Amino acid sequence: MSLSDRDRRLSRLFVAVVVGDWDEVARLRSAAPSGEPDRAWRETVLQAHVFAGFPRVVEAYGVLGALGGLGEPAPDETLGESENAARGRELFERIYGDHAERVRDFLTRSHADFAAWIEGHAYGRVLTRPGLPADRRELLAVVALAALGQDRQLASHARGAVRCGATPAELREALEAVRDLVAAERHERALRVIEKFAP
């Protein structure tokens with residue numbers, strides 16, 4: 001299976017928000033094909049705060065809003081729910097597989113509240129939202145972590161993407177789709193990580 005043009009656009013949008021490339025965010029919005037932006041775009045931008053923080057996402061909404069926004073969310077998109085630790089734990093286990101307990105222990109030793117935020121908010125509230133399947137969300141994680149130079153986390157999410165249904169070829173294609181947005185050294189390292197951890 002290869003990445004669709006839409007998945008390539010979403011990968012580029014995600015990295016552009018994460019690294020603060022507002023010209024690329026504007027270019028993507030201006031060039032959006034008929035039917036887009038859509039819910040997948042809205043989910044992509046919402047998910048970016050997990051990797052880039054709230055300030056970048058606020059700025060992205062400003063840039064996108066000046067060019068027509070992302071469309072009105074359907075009533076079922078505004079969930080208004082609190083964190084769902086059980087749902088987060090399930091996805092966390094799926095992504096990290098046999099390493100889940102070790103990762104959870106590391107996070108808890110770092111700070112128990114941080115570990116709870118990761119599982120409850122990042123996984124239980126954001127990454128399990130409807131609107132984008134887990135394998136597409138993990139591809140977004142992979143390209144963001146490549147752009148940020150976070151190789152260890154990249155390895156975990158590359159494996160997680162495959163566990164959630166993405167193919168190794170899709171991982172490489174997603175990285176290729178954002179090559180010009182990622183520092184060359186980081187891009188090359190990311191390709192090596194993908195080859196090693198999700199061959």
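**A tour of two helix pairs**

Helix 3 and helix 8 cross in a right-handed way (the near helix is turned clockwise from the far one by less than a right angle). This is a predicted model, where local features need pLDDT of at least 70, side-chain atom pairs count only at pLDDT 80 or more, and totals for chains, interfaces and linings use all residues. Residues are numbered from 1 along each chain as its sequence is written, and side-chain values use heavy atoms, without hydrogens or water.

**Stop 1: helix 3 and helix 8**

Select residues 39–52 and 134–148. Their axes come within 11 Å and cross at roughly 45 degrees. Helices are DSSP runs of H or I, at least four residues, numbered from the N terminus. Axes are lines fitted to C-alpha atoms over the stretch in contact, and angles run from 0 to 180 degrees between N-to-C directions.

Now show the contact (heavy atoms within 4.5 Å). Helix 3 brings Glu43, Thr44, Gln47 and Phe51. Helix 8 brings Arg137, Leu140, Ala141, Ala144, Leu145 and Leu148.

**Stop 2: helix 8 alone**

Of its 15 residues, 14 are buried (under 20% relative accessible area, 1.4 Å probe, protein chains only). Just after helix 8, pick Gly149: its phi is positive, about 70 degrees.

**Stop 3: helix 6 and helix 7**

Select residues 100–110 and 112–126. These helices pack at about 135 degrees, axes 5 Å apart. That makes helix 6 oblique to helix 7. Helix 6 contributes Arg104, Leu107 and Thr108 to the contact. From helix 7, show Ala112, Phe114, Ala115, Ile118 and Glu119.

Technical notes: Buried means under 20% relative accessible area, exposed over 50%, partly exposed in between (1.4 Å probe, protein chains only). Angles under 35 degrees count as roughly parallel, over 145 as roughly antiparallel, 65 to 115 as roughly perpendicular and the rest as oblique.
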